[in-house]
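I opened the notebook to look up a few things in a structure. The entries below follow the order in which I went through them.

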Amino acid sequence: MLIGLFNYWIVIILMMIGLYIVIAHGNLIKKIIGLTIFQTSVFIFYISIAKVDGGTAPILADGITQYSNPLPHVLILTAIVVGIATTALGLSLVVRIKETYHSIEEEEIQQQDNEEQQSKNKAEESA
Amino acid sequence: MITHLPILQVIVPLMSAPICLLLNRAKLVWLFSLLASGLAFVISILLLQQVMISGVISYELGGWQAPWGIEYRIDKLNAFLLLIISGISTVVLVAAQTSIEKEIPKDKHTYFYVLYLLSLTGMLGIVATGDAFNVFVFLEISSLSAYALIAMGQKRQALWASYQYLIMGTIGATFILIAIGLMYQMTGTLNMQDLSHRLPEVAQTRTVFVSFAFLIVGVCLKLAMFPLHLWLPNAYAYAPSIVTAFFAATATKVAVYLLIRFTFSIFGFSFSFATIPLQTLFMALGLIGIFIASATAIYQNNVKHIFAYSSIAQIGYMIVGFSLSTAAGLTATLLHMFNHALMKGAIFLALAAVIYRIGNVELNNLRGLGRQMPLTMAAIVTGGLSLIGVPLTVGFVSKWYLLTALVEQGWWPVAVLILLGSMLAVIYVWRIVEVAYFKAPLDENIKVKEAPVSFLIPIWTLVIANIYFGIDTRLSVQVAQGAAQSLFGVSP
């Protein structure tokens, strides 16, 4: 039972690791790494559900009657491309955040925003 | 030609995006995008007409038969949403060129339109498709371009807002992907129509429950339903004004559509509401959302923030209508989707005009603007009245339907709470009115003139629509009722 569901255990463990990193870490790059791990777990999930016990690659050949399901594999190719696009966009945002805030730590960025807001409020009060 | 309308709806903006790159001259690209979006709008009108007359349209991509190939399925609900999205997109685009001249560097104008059209494609695709996995793909097309569009904002906070949205949005979309995977695992199909037949057979399994849970959380993240709304205020406030106007009016509606489509059409009404206590949960969260978001809106100093929080509150009303799980409640939700798009489109476009003239929308800088930009401020006030739900505006119509739906079920306390929630809207709208009409203008704003015509035309188109559909409710109510009834399987 446990061995048979080995893939799914991996999926769940990876998923939790990924989500934990996204939530717990303040470093923007680490967050993206977490997000990628999280997405990867879903890729493995899709690939796992397509496997049919004793099935082979879905190519017509003599003497073979059982094939694995190719559709989820194709679907997940799309999702992988989407995942790469997301990672690339996320990283390029981090680059620009680094350029304007000179930091990639969530706390420092939020602190800078708060300070800006406070100085603006003060200026308005004095005006 | 007419038989290919469902796919043209999506293909036209999709193909226009790369063509924009080739044209590469700001004015030309703008005209071309406007044309593409306008064409999409015309197509959506034709589709709605066709659906109202002859019922559901099914379109098979590449001629592959439905459960195996990808099917685009347009019923009243889809057609209604397509109309809202492409209509708002077109109206907003009219003002785009003038607005982004001030807000986005010149060399990025072409990219702006490319992303805008891609985002439009994504939203139209989500609504038009009848294939569950297609939904995910289009969701990501619209989201990825949305992140990039938001990051184009003038202030550096836009980058941070975009990053936060990216993290939340991706988690939401991946949750939806997991849900679709689990559904496929249980049924072996991705076609929505087919899913709705096969899911009931396996409805009592844990896999389907898990799938439903992932789906609801994922969609609610995209929907910015309280308490998953944290990405929305900053993303709306720091994005370029045109982007805010477009997204505020359409993006969350698409997520509401997904919620309705999955719970009613795919999982089925009895599964969603009988097996799982969705009703209490959504009713409570919707009401809390209305109060907390409206109360937060009152304390904001940036007008864009005020209306961003107000959007979260308005989503609360849609959720309350949805949670009633009656045809009347759903009609109210659909009406409010349409009406909210009109109000928020008008308000955020007017704010874009204010930004064009004075550079920001801090409440204090709006002092005395009622005299200097009378038409623009009047538009914001009309939109505000509509948000409150004053009679003769669209806001009144949807609130009225929501209240009757609640009373019909005997939920008096909730109806009273909804009215109290609307009172909070009076406060934040009044703050703007007070500043704009009863304060002396700032010295540096003394020379500010009325917004240019390119703003006034789209703003007032939406304002007039706000009033027109508040008085003549035949079209919107008829379509919304038809869509709601067909979701409950009652032929109208």
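**Entry 1. Model.** I noted before anything else that this is a predicted model.

**Entry 2. Contact of chain A and chain B.** I looked up how much the two chains bury, and the value is about 3,300 Å² between them. Carbon and sulfur atoms carry 71% of that area. Chain A puts 39 residues into the contact and chain B puts in 33. I then asked for polar contacts across the interface and got 9 residue pairs, both members at pLDDT 80 or more. On the side of chain A that touches chain B, H1, helix H2 (28–50), helix H3 (71–101) and H4 each supply at least two residues. H3(A) gives the most to that side, with 16 residues. I sorted this side of chain A by class and wrote down 24 nonpolar, 8 polar and 7 charged residues.

**Entry 3. Salt bridges.** How many salt bridges are there over all chains? The search of the whole structure finds 6. As a reminder to myself, side chains of opposite charge can pair when their charged atoms come close. I also wanted the setting of the pair Glu116(A) and Arg156(B), whose side chains meet in this salt bridge. Glu116(A) lies in helix H4 of chain A and Arg156(B) in the loop between H5 and H6 of chain B, so the pair joins two chains.

**Entry 4. Largest pocket.** I looked up the largest pocket next, and it holds about 840 Å³ of space. Its lining counts 34 residues, and those closest to its centre are Gln110(A), Trp160(B), Gln164(B), Leu230(B) and Asn234(B). Which helices supply at least two residues each to this lining? From chain A they are helix H1 (6–24) and helix H4 (106–126), and from chain B they are helix H6 (157–187), helix H9 (232–238) and helix H13 (303–323). H6(B) gives the most, with 9 residues. By class, I recorded 16 nonpolar, 12 polar and 6 charged residues in the lining of the largest pocket.

**Entry 5. Cavities.** I counted 5 cavities of 30 Å³ or more. The largest cavity has about 190 Å³ of space. It is lined by 17 residues, and Ser142(B), Ser143(B), Tyr165(B), Lys222(B) and Ala251(B) lie nearest its centre. Helix H4 (109–128), helix H5 (132–151) and helix H10 (241–266) of chain B each supply at least two residues of this lining. H10(B) gives the most to the lining of the largest cavity, with 6 residues. The classes there are 12 nonpolar, 4 polar and 1 charged.

**Entry 6. Backbone.** Most residues other than glycine have a negative phi, and most peptide bonds are trans. I looked for departures from this and noted two. A cis peptide bond joins Phe226(B) and Pro227(B), with omega about 0°. Pro227(B) sits in the loop between helix H8 (206–223) and H9 of chain B. His102(A) is not a glycine, yet its phi is positive, at about 55°. I placed His102(A) in the loop between H3 and H4 of chain A.

How values were computed:
Residues numbered from 1 in each chain as written. Chains lettered and ligands numbered in written order. Predicted model: local features only at pLDDT ≥ 70, side-chain atom pairs only at ≥ 80, totals over all residues. Heavy atoms only, no water. 1 Å grid on protein atoms, 1.4 Å probe; cavity = no way out; pocket = protein on both sides within 12 Å on 5 of 7 lines; lining within 4 Å. Points joined across faces, edges and corners; volume = space filled by probe spheres on them. Helix = DSSP H or I, 4+ residues; strand = E, 2+ residues; numbered from the N terminus. Nonpolar A, V, L, I, M, F, W, Y, C, P; charged D, E, K, R; others polar. Contact = heavy atoms within 4.5 Å. Buried area = accessible area lost by both parts, 1.4 Å probe. Polar contact = N/O pair within 3.5 Å; in protein donor to acceptor, adjacent residues only side chain to side chain. Salt bridge = Lys/Arg side-chain N within 4 Å of Asp/Glu carboxyl O.
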